[in-house]
Amino acid sequence: MKRWFPLGLIALGVVLAAVAFLRSPSEEDRIRERLVQLEGAVRIDEGERNPLVRHGRVRKEFAEIFTGEATARVEELGARVRGRDELTAAATKAVGLYQSADVSFDDVEIQIDPAGMVAEVIATATVTGARHGQPARRDERPVTLRLEKVDGDWKIIAATVEPRRQPGDDGP
């Protein structure tokens, strides 16, 4: 009996490893994981003050998240941001404006084209941030992300953050 116990544990381990390996995440799960990675990449922790350190961290993460030619349209940034380097520079500048900031994506809807190579994500981005010396504010904005499968990984090729609605705006 004692001799069979270790063999049974080994067999159980092999079965569990096989199940974990065979149960690969769906394409939607992989896209949601990319959104979580983006949330972490743009986060500003209270202790994060050095723009050079932030730039290095964001640049490394954005290389996994965005294509080199990615674009973004965000009202607060002015003109359309083109290329991963400009996106990284914009994210780095935020540390000079904000003491802390968190982004989360909610109400996420994912549509993947039939070929499985392009996807569109429509979500609500909730940003909670505190400018230096001010209390935290919360802002919600509709966001549209276009992703493309590059070498088997989903990468963002375009991001659009809708402008903040002004009081009295009668929209949908």
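How many bridges join S5 to S6, and do they run parallel or antiparallel? I looked, and eight bridges join S5 to S6, which run antiparallel.

**Before going on.** I noted that this is a predicted model, in which local features need pLDDT of at least 70 and side-chain atom pairs count only at pLDDT 80 or more, while totals for chains, interfaces and linings use all residues. Residues are numbered from 1 along each chain as its sequence is written, and side-chain values use heavy atoms, with hydrogens and water left out.

**The sheet.** I took helices (H or I, at least four residues) and strands (E, at least two) as DSSP runs, numbered from the N terminus. I counted two strands as paired if DSSP finds at least two bridges between them. I then found an open sheet of six strands in the order S2-S1-S6-S5-S4-S3, with mixed pairing. Its edge strands are S2 (81-82) and S3 (98-112), and each pairs on one side only.

Glu120 has Arg146 in S5 as its bridge partner, and Gly129 stands opposite Arg137 in S5. Five residues lie between S4 and S5 in their hairpin, and Gly133 in the turn has a positive phi of about 80 degrees. The hairpin of S5 and S6 has two residues between its strands, and here Asp151 in the turn has a positive phi of about 50 degrees. Leu147 has Ile156 in S6 as its bridge partner.

**Helix H3.** Which residues of H3 are buried? With buried meaning under 20% relative accessible area and exposed over 50%, partly exposed in between (1.4 Å probe, protein chains only), I listed Arg54, Val58, Phe62 and Ile65 as buried. They are on the same side of H3 because they cover an arc of only 55 degrees around the axis, the arc being that of the directions from the helix axis to the C-beta atoms. The face turned away from the buried side of H3 carries the exposed residues Leu52, Val53, Arg59 and Lys60. Using contact as heavy atoms within 4.5 Å, I saw the buried residues of H3 pack against H2, S1, H4 and S6.

**The core.** I defined a nonpolar core as a set of buried Ala, Val, Leu, Ile, Met, Phe, Trp, Tyr and Cys residues joined through side-chain atoms within 4.5 Å. The largest one has 26 residues, of which Phe62, Phe66, Phe105, Val121, Leu145 and Leu147 touch the most other members. H2, H3, S1, H4, S3, S4, S5 and S6 each give two or more residues to this core.
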